[in-house]
Amino acid sequence: MKIEEMLQHAKEARELSYSPYSKYAVGAVIVTKDDKFFYGANIENAAYPSGICAERCALFHTYMHGYKKEDIVALCLVADSELFPYPCGACRQVIDELMPKDAKIIVGNLENKYMETSIRELLPYSFDSANLEK
């Protein structure tokens, strides 16, 4: 899967954003091993905590179609910004649990500038199911 193709799909997902409050539209796409694309976009609400970020939207969309952690190869995020749209803390926690630790995470902008990372780099000391064991 070419990064340029992932960026294009994330841009298409971004067009579906509902972001009238922040004016910060973010698009995300999850890519699976069988080359399926699952879109997500940030959806805001006047009661701010009631919205959802693009990456969680895309991940939940993927799971609702029967895919699991081991089926995911990449997540790509795009926003119209010079700064890359890194996942927030809540999204990092969800990514850590629902995606493979070595899956690609691409963060980019509308000019096709991007950076590749992973959840290991974004959340090196994560809280996971092992922390719940006695």
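Trainee: Which residues is L75 in contact with, leaving aside its neighbours within four places in sequence?

Mentor: Contact means heavy atoms within 4.5 Å. On that basis L75 is in contact with A28, V29, I30, E55, I95, M99, K104, I105 and I106. A note on the source: this is a predicted model, in which local features need pLDDT of at least 70 and side-chain atom pairs count only at pLDDT 80 or more, while totals for chains, interfaces and linings use all residues. Residues are numbered from 1 along each chain as its sequence is written, and side-chain values use heavy atoms, with hydrogens and water left out.

Trainee: How many residues has the largest nonpolar core?

Mentor: A nonpolar core is a set of buried Ala, Val, Leu, Ile, Met, Phe, Trp, Tyr and Cys residues joined through side-chain atoms within 4.5 Å. Buried means under 20% relative accessible area, exposed means over 50%, and partly exposed lies in between (1.4 Å probe, protein chains only). Here the largest nonpolar core has 21 residues. Those with the most contacts inside it are I30, L59, L75, I95, M99 and I105.

Trainee: Which elements give two or more residues to this core?

Mentor: Helices (H or I, at least four residues) and strands (E, at least two) are DSSP runs, numbered from the N terminus. The contributors of two or more residues are β1, α2, β3 (72-79), α3 (89-98), β4 (104-109) and α4 (119-122). Strand β3 gives the largest share, four residues. There is also a second, separate core of 10 residues, with I3, M6, C76 and I106 among them.

Trainee: Which residues of α2 are buried?

Mentor: They are A54, E55, R56, A58, L59 and T62. Their cover includes β1, β2, β3 and α3. Take A54, found in helix α2. A54 counts as buried because its relative accessible area is 1%. With residues up to four places away in sequence set aside, A54 touches V26, G27, A28, G40, A41 and N42. Now compare positions along the chain: A54 and L7 are 47 residues apart there, and their C-alpha atoms are separated by 14 Å.

Trainee: What is the phi of G66, which follows α2?

Mentor: It is positive, near 90°. Two residues other than glycine also have positive phi values. K23 has a phi near 60°, and its place is the loop between α1 (3-14) and β1 (26-32). D35 has a phi near 60° too, in the loop between β1 and β2.

Trainee: Is K23 buried or exposed?

Mentor: K23 counts as exposed because its relative accessibility is 66%. D35, with 49%, is partly exposed.

Trainee: How many disulfides does the count come to?

Mentor: A disulfide is a pair of cysteine sulfur atoms within 2.5 Å. By this rule the count is zero.

Trainee: How many salt bridges does a search of the whole structure find?

Mentor: Side chains of opposite charge can pair when their charged atoms come close. A salt bridge is a side-chain nitrogen of Lys or Arg within 4 Å of a carboxyl oxygen of Asp or Glu. The search finds two. E15 pairs with R14, with 3.7 Å between the closest N and O atoms. K101 pairs with D96, where the closest N and O atoms are 2.5 Å apart.

Trainee: Which is D96, buried or exposed?

Mentor: D96 is buried, at 3% relative accessibility.

Trainee: Which residues make the nonpolar surface patch?

Mentor: Patches are made of residues with over 30% relative accessible area and no salt bridge; like charges are joined within 9 Å, nonpolar side chains (Val, Leu, Ile, Met, Phe, Trp, Tyr) within 5 Å. Accessible areas come from the Shrake-Rupley method with a 1.4 Å probe; for residues, only the protein chains shown count as cover. Y18, Y21, I43 and Y48 make a patch of about 440 Å². I43 sits in the loop between β2 (37-41) and α2 (54-64). At 34% relative accessibility, I43 is partly exposed.
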